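Student: Can you walk me through this chain? I would like to start with the overall picture and then go to the details.

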Amino acid sequence: MYNLKDNIVALATIPGKGALNVVRVSGPNQLSLIFKLLTTKKRLPRPNFSHPHYVYSKKGVVDQCIITYYKGPKSYTGENMLELSTHGGCVIANQIIEVVINSNARLAFPGEFTYRAFINNKINLIQAEAINGAIHSENSLDSHYQINNLKGGLSDIIENIYKKIKNLLVLAEHELDFMEGEITFTKSNEYLKRLALITKKIDGVIKFSCYENYKDLPRVVIVGRPNAGKSSLFNNIVGYNRAIVTDIKGTTRDVIEAKLNLNGNNIVLMDTAGMRTTKDKIEKLGIKKTTGEIELADFILVVDEEKPKEIIKTMKKTNPRAEWIGVLNKIDLKKKFSLQSDFQISCTKNSGIEKLLTVLSTKITGAYKKNYKNNRYLINERQLVLIKQTQGLVKEARQSYKTNKDLVILSFNLRRALMGLDDMLGPTENRDILNEIFGGFCVGK
Ligand SMILES: Nc1nc2c(ncn2[C@@H]2O[C@H](COP(=O)(O)OP(=O)(O)OP(=O)(O)O)[C@@H](O)[C@H]2O)c(=O)[nH]1
Ligand SMILES: [Mg+2]
């Protein structure tokens, strides 16, 4: 897939107006030629120390950068690396990359730096996937799990299971080399006990892993009767007039959706058609959509001018799993109002909404934490398929050994079980998997 013999270079940051950019160079060769061309200095600087250097192209000075030289294997890729921290913008970093390319390097492909780290045994495949996952994570819990996987969270337990299966395989194959009477054979009960322990460990990984659910953004849906001020609240939270607001009942007919960040957590916020019995065909369809959104929602804000809590009572059965929050709106019109609501707000006067959002974001963080307590590992679809496959094979191995006590068959089955874990940690042979995983990375990563 990638040619490992080349020196590679890429911008590791997003180009654009900003304080800094980072240019990365990595290669199996000495990088002194590249360094010399960039800085006019003959010798590479001391490894792992950052130094300011003026950097030049043929046309003259390009920038003053901070350059760090990493001597392999103590670097991200395991190779010799240069990391140039340049001034930001769209011009300087590209000029530097051009100098590097004209020296002795080519532009890196997506994920090529991390691929080299994987090939050079700096990380296994689960860790490589975690790095990409962390970059793409949408919320604090996701990034926490991803970095935990990079730290070894999932790999440690998988490596541990791998080792246990391998040891058992080695034992079985060793005993196969001897005739009866030559050595004392391990008792079949011991084999069964060890196979049961491996199964228990695999079951634990599956049980304490979170998959998919956590990734779906929390869905917050605003519902209520027509004209209650749902669209006004939606616009206020989104920060601009996204939804049409009028005093005509039934203004919003479709579901309007916005993805936004609420105190560090990404959420999907939805404005919906007001709930009422109507003969209008379009409005009816809108109300049907609202019902669908309620079923999927995690948090439901019931906005009403009079009695949000009473409305919740009548609607709660449509989604008992969600958290229902009663929001009394238009308090500016009232001298006195009932406190039969969780929050009292005025969209026109912009009051009470900040408190509502603070509590809502605390609740969202709380939901994340609960998930965190229940799960130790994060597992993606590829990994889940492989671990389940291993689970099945180990169970099969135990079952068959229990009936036939045959070490040849057991060895064969254990070898099959190991293959799935091999693929999980580092299928160096399987090009398709590697292409798919590393091809999804950013350039420069
Ligand atoms: N006085 C006052 N009027 C408000 C407040 N919030 C909304 N309104 C008004 O109430 C009317 C209805 O507001 P919308 O936000 O369109 O209500 P809605 O619930 O989205 O209505 P539908 O889409 O028809 O279901 C508009 O005239 C708003 O200006 C408020 O806090 N105080
Ligand atoms: Mg509306």
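Student: How much of the chain counts as buried?

Tutor: Of its 445 residues, 35% count as buried. Buried means that 20 or more other C-beta atoms, placed from the backbone, lie within 10 Å of the residue's own; 12 or fewer is exposed, and in between is partly exposed. This is a predicted model, where local features need pLDDT of at least 70 and side-chain atom pairs count only at pLDDT 80 or more, while totals for chains, interfaces and linings use all residues. Residues are numbered from 1 along each chain as its sequence is written, and chains are lettered from A and ligands numbered from 1 in the order in which they are written.

Student: How many helices and strands are there?

Tutor: The chain has 14 helices and 14 strands. These are DSSP runs numbered from the N terminus: helices are H or I with at least four residues, strands are E with at least two.

Student: What order do the strands take in the open sheet?

Tutor: Six strands line up as β3-β4-β5-β2-β1-β6, with mixed pairing. Two strands pair if DSSP finds at least two bridges between them.

Student: Which strands stand at the edges?

Tutor: β3 (50-57) and β6 (106-107) do; each has a single partner strand, so one side of each is left without a neighbour in the sheet.

Student: How do β3 and β4 pair?

Tutor: They are antiparallel, over eight bridges, and a hairpin of two residues joins β3 to β4. Tyr54 stands opposite Gln64 in β4.

Student: And how many bridges join β2 to β5?

Tutor: Nine, between β2 (residues 16-27) and β5 (residues 80-89), which run antiparallel. Val23 has Leu84 in β5 as its bridge partner.

Student: New topic. At what angle do α12 and α13 cross?

Tutor: Roughly 170°, and the axes of α12 (residues 381-404) and α13 (residues 407-425) come within 9 Å. Axes are lines fitted to C-alpha atoms, for helices over the stretch in contact, and angles run from 0 to 180 degrees between N-to-C directions. The two helices are therefore roughly antiparallel to each other, a label for angles over 145 degrees; under 35 is roughly parallel, 65 to 115 roughly perpendicular and the rest oblique.

Student: What kinds of residues make up the contact of α12 with α13?

Tutor: They divide into 12 nonpolar, seven polar and three charged. Ala, Val, Leu, Ile, Met, Phe, Trp, Tyr, Cys and Pro count as nonpolar, Asp, Glu, Lys and Arg as charged, and the others, Gly among them, as polar.
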